[in-house]
Amino acid sequence: MQQVNLGMIGGGTVGSGVFHALQLNGGLMASRIGVKVAVRKVAVKAFNEPRPYQIPRSLMTLDWQSVVNDPQVDIVTELVGGTGIARTMVLAALKLGKPVVTANKALLSAHGEELFAAAKKYGTNLYYEASVCGGIPIIKSLREGFVGNRIEALYGIVNGTCNYILTRMKLEGADFDAVLTDAQKQGYAETPPDLDIDGHDAAHKIGILASLAHGFWVNPKKIHVEGIRHVSALDIKFAGELGYTIKLLGIIKRIDDLRLTIDATKNKPARKSNIVNRKCKVQVSVYPTLVPNAHVLASVNHVFNAVFVRGDIVGDTLFYGRGAGKDATASAVLSDLADAALDLKSGCKQRVPPFVPHECAGAVMPIEDAVSQYFLRLNVVDRPGTLAKIAAIFGAAKIGISSVIQPEGHEGKSVPLIFMMHYATNGAVNGALKKISRLPVIKGKPVMIRVENFE
Ligand code: HSE
């Protein structure tokens, strides 16, 4: 049987996971694809760094360049992480015409265009299934499975740490800080946790998925990102009473045939036409969202990830699985290794190119123009006329109120007032909230969490 040799850079949690998975299932994979992937060398940070699976000392080296430059190495894996040295490593391998498999979403988010251009220039390929949602084959699905679909919308729970924290807050009625501290102690959250809980990890992944779905490489700076620090136990409780669960969602919505203004008579964005405009605008965002309990994404709990994709031909589809961890990530890396090995075998190194620009006139829509429904929680002085003053500001801004609750049992200097709002642009709601916050009856900063009804 034909054999291809693998040079691995990175032998930590993910790297040793890939090594182990190849030991376990490399034979099975070879019998399926007709090519054997054999590990030739593994570059590691330190021989004795902690790793969940052992790698034979004879295969390890501290010199990554000796792995890339080894003429016997046919494919390189970059499982180091970060955007500095990892970029140098990937470029070095691509320049030698060697296909690279990476799990590095931050690298792709920051330097994707440069790396894809290098792969093309040097006649090789870059594979990155493991960069988004670990074991869920979402890259392959978007690029190949849904190649005949326009992606109308994609909603993803793509950060396991945030999902774990929000799930525990809901189940235990606990506050964010307490759950985060415990999650860090138990190894479910990193220290520092900022990359995850401030939404940046999710934004890296959503940017990659949006680029694949819409054909223009999304500038990460254009993605509107909000994390989960400001989500309180009180918001989770009130959302629950209204029939919703709060999830951190990555949202990608194509807006080419939806009006940006609201049909006030229906409180809905109305369809303008069915003409598909190549100059599509795409909402690309990450923020905490109220998800109806009846929707399948509301039941995705703990560290699990899920991606809900709506294609114009296929309709609604759902992917669920572990988005991180040594074994789930290794599963995705093995799938890329199989593709790389098959491409080498066939001699067609860009059978499926890493990224194909198409409909390039697309653009990321400013969040102010995006349309949504809203959950608002205000702290107000419980006095006659308070509601009227707030309602007047919404009315003047032509934003419809869907329901109002002043929950009992909160009597005191200030009381919560919960509004569910009809569709409105983010810009209109933020403008109204600015005016409302200036009213003397408002105490503290209003909370605004968007509601998604998947219409
Ligand atoms: N830290 C990520 C998560 C996994 O919590 O889902 C790696 O992207």
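Reply: Happy to! By class, two nonpolar, one polar and five charged residues make up the lining of the largest cavity. Here Ala, Val, Leu, Ile, Met, Phe, Trp, Tyr, Cys and Pro count as nonpolar, Asp, Glu, Lys and Arg as charged, and the others, Gly among them, as polar. The residues themselves are N125, Y127, R143, E144, D339, D343, R351 and V352.

A word on the source: this is a predicted model, in which local features need pLDDT of at least 70 and side-chain atom pairs count only at pLDDT 80 or more, while totals for chains, interfaces and linings use all residues. Residues are numbered from 1 along each chain as its sequence is written, and side-chain values use heavy atoms, with hydrogens and water left out.

The structure holds one cavity of 30 Å³ or more, and the volume of the largest cavity is about 40 Å³. A cavity is a set of points, on a 1 Å grid over the protein atoms alone, where a 1.4 Å probe fits but cannot get out; lining residues have an atom within 4 Å of a point. Grid points are joined across faces, edges and corners, and the volume is the space filled by probe spheres set on the points.

Two helices, α5 (138-145) and α11 (326-346), each supply at least two residues of this lining. Helices (H or I, at least four residues) and strands (E, at least two) are DSSP runs, numbered from the N terminus.

Let's follow α5 first. The axes of α5 and α9 (residues 200-214) are 9 Å apart, at an angle of about 10 degrees. That makes α5 roughly parallel to α9, a label for angles under 35 degrees. Axes are lines fitted to C-alpha atoms, for helices over the stretch in contact, and angles run from 0 to 180 degrees between N-to-C directions. On the α5 side the contact (heavy atoms within 4.5 Å) uses I138, I139, L142 and R143, and on the α9 side I208, L209 and L212. Six of these contact residues are nonpolar, none is polar and one is charged.

Now α11: this helix lies across β1 (2-9), β2 (35-43), β4 (75-78), β5 and β6, running at about 160 degrees to β4. The open sheet has six strands in the order β3-β2-β1-β4-β5-β6, with parallel pairing; strands pair if DSSP finds at least two bridges between them. At its edges are β3 (60-61) and β6 (126-127). Y127, a lining residue, is the bridge partner in β6 of V101.

Key. On a 1 Å grid over the protein atoms alone, a cavity is a set of points where a 1.4 Å probe fits but cannot get out, and a pocket is an open set with protein on both sides within 12 Å along at least five of seven lines; lining residues have an atom within 4 Å of a point. Angles under 35 degrees count as roughly parallel, over 145 as roughly antiparallel, 65 to 115 as roughly perpendicular and the rest as oblique.
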